[in-house]
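This report walks through one model step by step, beginning with a single residue and widening out to the whole chain. Please keep the sequence and the structure in view while reading.

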Amino acid sequence: MAAVELCVKAAVGSPDVLGDCPFSQRVLLILEDKNIPYDMKLINLGDKPEWFLEISPEGRVPVIKCEDGNWTPDSDVITQLIEEQYPNPSLVTPPEYSAVGSKMFSSFATFLKSKDPSDGSEQALVNEVHALDEHLKDHSLFSRDSFIKTMPVKEHLIAGWERKVNA
Ligand SMILES: N[C@@H](CCC(=O)N[C@@H](CS)C(=O)NCC(=O)O)C(=O)O
């Protein structure tokens, strides 16, 4: 058994397949890119096992167990923990790229809330998306092995969101 164990979301309707949780995917990508061996445990969030609720009382994934033997929830905390325990290769964004996409969420939120079509919020969002698009042309993420290996299939992505959209 690997030193690292990770609970992630199983696909809705296919509990033996990796599902569509961006927080789980984020941690999987980091483990893959750092070449850290891990055991992945798929959790059916529609039917959570007792042992899982004991290690994750809020019933959320991802939850990770590293070499210290403790289970840790939350992808932000897990990301920091992995970076501390496995510093090489570092996945910290180089300072020269740290601004790329950094205003994506705020510009999207401002655009969505805007009631004035001429307030520039649409253009600000377009500029931000364009800058990220340009960056990705030279720094492709989506063709990386780690990305392909941890990507949920389209059907499971739709199934994962369907419940929330139709609720
Ligand atoms: N802040 C948490 C959010 C984790 C989260 O909300 N995960 C969802 C799945 S994507 C979950 O476990 N939801 C519980 C459920 O659906 O019962 C993180 O960054 O890890």
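## A residue and its surroundings

Once its neighbours within four places in sequence are left aside, Ser 24 is in contact with Val 8, Lys 9, Val 61 and Pro 62. The model in which these contacts are found is a predicted one. Ser 24 has its place in helix 1, and because 27 C-beta neighbours lie inside 10 Å, this residue counts as buried, the cut-off for that class being 20 or more.

## Helix 1 and helix 3

How do the axes of helix 1 and helix 3 cross? Helix 1, residues 22-33, and helix 3, residues 75-85, have axes that come within 10 Å and cross at roughly 10 degrees. Angles under 35 degrees count as roughly parallel, and the two helices are therefore roughly parallel to each other. The residues that make this contact are set out in the table.

| Helix | Residues in the contact |
|---|---|
| Helix 1 | Phe 23, Arg 26, Val 27, Ile 30 |
| Helix 3 | Ser 75, Ile 78, Thr 79, Ile 82 |

Sorted by class, the contact of helix 1 with helix 3 has 5 nonpolar, 2 polar and 1 charged residues.

## The chain as a whole

The secondary structure of the chain comes to 7 helices and 5 strands, and from the N terminus on these elements follow the order β-β-α-β-α-β-β-α-α-α-α-α. The domain assignment gives domain 1, made up of 4-90 + 151-165, and domain 2, covering 95-138, with 29 Å between the C-alpha centres of the two. Taken along the principal axes, the C-alpha atoms of the chain fill a box of roughly 55 × 45 × 25 Å. Of the 167 residues of the chain, 19% count as buried, and Ser 24 is one of the buried residues. Among contacts between residues at least 6 apart in sequence, 67% join residues at least 24 apart.

Definitions and conventions:
Residues are numbered from 1 along each chain as its sequence is written. This is a predicted model: local features need pLDDT of at least 70, side-chain atom pairs count only at pLDDT 80 or more; totals for chains, interfaces and linings use all residues. Domain bounds come from an automatic or database domain assignment. Helices (H or I, at least four residues) and strands (E, at least two) are DSSP runs, numbered from the N terminus. A residue is buried if 20 or more other C-beta atoms lie within 10 Å of its own, exposed if 12 or fewer, and partly exposed in between; C-beta atoms are placed from the backbone. Two residues are in contact if their C-beta atoms, placed from the backbone, lie within 7 Å. Axes are lines fitted to C-alpha atoms, for helices over the stretch in contact, and angles run from 0 to 180 degrees between N-to-C directions. Angles under 35 degrees count as roughly parallel, over 145 as roughly antiparallel, 65 to 115 as roughly perpendicular and the rest as oblique. Ala, Val, Leu, Ile, Met, Phe, Trp, Tyr, Cys and Pro count as nonpolar, Asp, Glu, Lys and Arg as charged, and the others, Gly among them, as polar.
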